[in-house]
Amino acid sequence: MTMIINKTALTTQDVAARFNELAQQEKWSEIQDELFADNVRSIDPPNSPYFGYAEGKALVRKKGEEWVKKIQGVHGTSTTQPVVGGNHFAVGRSFDITTEGFGRIKIEEIMLYEVKDGQIVVEQFFY
């Protein structure tokens, strides 16, 4: 006997809710593992002194890991509740950190995510 399981993709609201649950716990690797599509794209602002563009789950993960390696001290972080519109959601993120190469920096950013078939396919940062 064969069982057919009807697997429905998560809605953008579902993805945003799970993202928020993990973000409030600072579980960014888990967000990538659980919610990112294999072909995810990560886009920083043009001329960013920090990072640029990465495509594919492994390269986006590496981009994040390279950033974390530079952090020498965390003085404060926060992430707002998500705002959902269509197949996108956005959160505000602020952090005050000391990093190798940049010293102490404070960043206020908007993080915009695009969801397709229940997974995040694009993350874009505005700061």
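Reader: Which elements do the buried residues of H2 pack against?

Author: In this predicted model, the buried residues of H2 pack against helix H1 (12-23), strand E1 (36-43), helix H3 (57-70) and strand E7 (119-126).

Reader: Which residues of helix H2 are buried?

Author: Helix H2 covers residues 28-35, and Ile31, Gln32 and Leu35 are its buried residues.

Reader: What puts these residues on the same side of H2?

Author: They cover an arc of only 105° around the axis, and therefore they lie on the same side of H2.

Reader: Why is Gln32 called buried?

Author: A residue counts as buried when its relative accessible area is under 20%. The value for Gln32 is 12%, so Gln32 is buried.

Reader: With which residues is Gln32 in contact, leaving aside its neighbours within four places in sequence?

Author: Those residues are Lys57, Val60 and Arg61. Contact here requires heavy atoms within 4.5 Å.

Reader: What is Phe36 in contact with, when neighbours within four places in sequence are again left aside?

Author: Phe36 is in contact with Ile31, Lys57, Val60, Tyr113, Gln119, Ile120 and Glu123.

Reader: Which residues of the largest nonpolar core touch the most other members?

Author: The core has 18 residues, and those that touch the most other members are Phe19, Ile31, Phe36, Phe89, Tyr113 and Ile120.

Reader: Which elements each supply at least two residues of this core?

Author: They are H1, H2, E1, strand E5 (88-99), strand E6 (103-116) and E7. H1 supplies the largest share, five residues.

Reader: What is the volume of the largest pocket, and which residues are closest to its centre?

Author: The volume is about 710 Å³. Of the 30 residues that line the largest pocket, Trp28, Gly64, Trp67, Val68 and Phe125 are the closest to its centre.

Reader: Which element gives the most to the lining of the largest pocket?

Author: H3 gives the most, with seven residues. Among the elements that give two or more residues are also H2, E1 and strand E3 (71-79).

Reader: How many residues of this lining are nonpolar, polar and charged?

Author: The lining of the largest pocket divides into 17 nonpolar, five polar and eight charged residues.

Definitions and conventions
Residues are numbered from 1 along each chain as its sequence is written. This is a predicted model: local features need pLDDT of at least 70, side-chain atom pairs count only at pLDDT 80 or more; totals for chains, interfaces and linings use all residues. Side-chain values use heavy atoms; hydrogens and water are left out. Buried means under 20% relative accessible area, exposed over 50%, partly exposed in between (1.4 Å probe, protein chains only). Helices (H or I, at least four residues) and strands (E, at least two) are DSSP runs, numbered from the N terminus. The arc is that of the directions from the helix axis to the C-beta atoms. A nonpolar core is a set of buried Ala, Val, Leu, Ile, Met, Phe, Trp, Tyr and Cys residues joined through side-chain atoms within 4.5 Å. On a 1 Å grid over the protein atoms alone, a cavity is a set of points where a 1.4 Å probe fits but cannot get out, and a pocket is an open set with protein on both sides within 12 Å along at least five of seven lines; lining residues have an atom within 4 Å of a point. Grid points are joined across faces, edges and corners, and a volume is the space filled by probe spheres set on the points. Ala, Val, Leu, Ile, Met, Phe, Trp, Tyr, Cys and Pro count as nonpolar, Asp, Glu, Lys and Arg as charged, and the others, Gly among them, as polar.
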